[in-house]
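Let's take a friendly walk through a protein model. Have a look at it first, and then read on.

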Amino acid sequence: MEQNNKKELGNHIVFDKSCDLTINENSLSSYIFEVENNCYVNILIEASKSIDIDLVVKSGASLKIALLNKENQNNFNFKGKVKKEGTFTCVIADFGASNTNINSTIDLIENYASSNFILSSTSNERFKKNYNINFNHLSEFTTSKIKAFGVSLKESEIKVNGVSFIEKTSIKSNASQEVKIILFDKTSKGSASPILKIECDDIKASHGCSIGSINDDHLYYLLSRGIDIETVRKLIVLGYILPIKDYFNDKEKEYIDNYIRKDFNYA
């Protein structure tokens with residue numbers, strides 16, 4: 001585990017300065033992260049096993065966790081609190097050739113706290129991917145956003161469940177959810193359950209969900225220009241999945257690029 005600018009006691013890490021951190025194959029199975037006021041912390045996790053993470057982002061601080069799941073059958077659990085003007089961003093590239101379960105519950109406990117959950121997922125060969133993403137807006141002017149993109153084929157399944165709760169005193173808050181899943185064949189499955197639980201009026205809340213096969217117009221347009229069907233499918237997947245790589249460093253960008261372009265089995 002590469003370390004920089006932090007105080008560490010076992011799996012409990014307190015960040016009192018801005019820094020970058022990489023957690024790799026030697027990682028522990030659970031962590032507690034505390035980001036002190038006005039610190040900016042970026043954590044990259046190259047997952048080789050299941051991990052539980054508890055986090056606290058204090059006033060004016062920022063925590064970004066970018067998690068790359070390559071091969072193993074893993075469960076990832078995130079639970080945290082974000083304080084005044086703090087921000088927590090979770091970015092997940094889940095390309096594991098296995099079943100995956102990810103659960104996240106983030107409480108936005110003070111004014112202007114915000115959090116984002118960004119996901120790209122592929123599921124193949126009967127594997128099941130389950131994502132449960134929950135935000136609790138517990139103060140005014142809080143913001144949450146879910147953006148999830150998936151590709152499912154060969155009897156596999158992707159499920160995205162999002163719950164955004166805005167309690168009655170959390171006026172001026174904003175919650176949005178966007179889920180898009182491509183089903184490559186008749187045997188693949190995808191589902192989304194975007195749920196908005198709203199207890200007050202003066203807020204903004206939205207959700208959008210798109211699940212289905214490749215757009216026929218897009219397919220026809222590319223085929224009409226002499227592109228073969230396998231290349232067409234790859235191009236469409238690239239458009240869905242590759243933008244996630246911008247959140248990772250050069251090594252992980254190369255892996256994501258090679259996986260989508262070469263290793264992901266469309267046939």
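## A sheet and a cavity

Strand β11 (residues 114–123) and strand β13 (residues 143–152) run parallel and are joined by ten bridges. Strands (E, at least two residues) and helices (H or I, at least four) are DSSP runs, numbered from the N terminus, and two strands pair if DSSP finds at least two bridges between them. Within this pair, Ile118 stands opposite Lys147 in β13.

This is a predicted model, in which local features need pLDDT of at least 70 and side-chain atom pairs count only at 80 or more, while totals for chains, interfaces and linings use all residues. Residues are numbered from 1 along each chain as its sequence is written, and side-chain values use heavy atoms, without hydrogens and water.

The open sheet has eight strands with parallel pairing, in the order β3-β5-β7-β9-β11-β13-β15-β17. Because β3 and β17 at the edges each have a single partner strand, one side of each is left without a neighbour in the sheet.

| Edge strand | Residues |
|---|---|
| β3 | 19–23 |
| β17 | 204–212 |

Across β11, β13 and β15 (174–183) lies helix α2 (residues 229–241), running at about 160° to β13. Contact here means heavy atoms within 4.5 Å; axes are lines fitted to C-alpha atoms, for helices over the stretch in contact, and angles run from 0 to 180 degrees between N-to-C directions.

How many helices and strands does the protein chain have? The protein chain has three helices and 17 strands. Its C-alpha trace spans about 55 × 45 × 30 Å along the principal axes.

Among the residues lining the largest cavity are Leu119, Tyr131, Phe149 and Lys180. A cavity is a set of points on a 1 Å grid over the protein atoms alone where a 1.4 Å probe fits but cannot get out, and lining residues have an atom within 4 Å of a point. β11, β13, β14 (157–166) and β15 each supply at least two residues of this lining.

Terms used: On a 1 Å grid over the protein atoms alone, a cavity is a set of points where a 1.4 Å probe fits but cannot get out, and a pocket is an open set with protein on both sides within 12 Å along at least five of seven lines; lining residues have an atom within 4 Å of a point.
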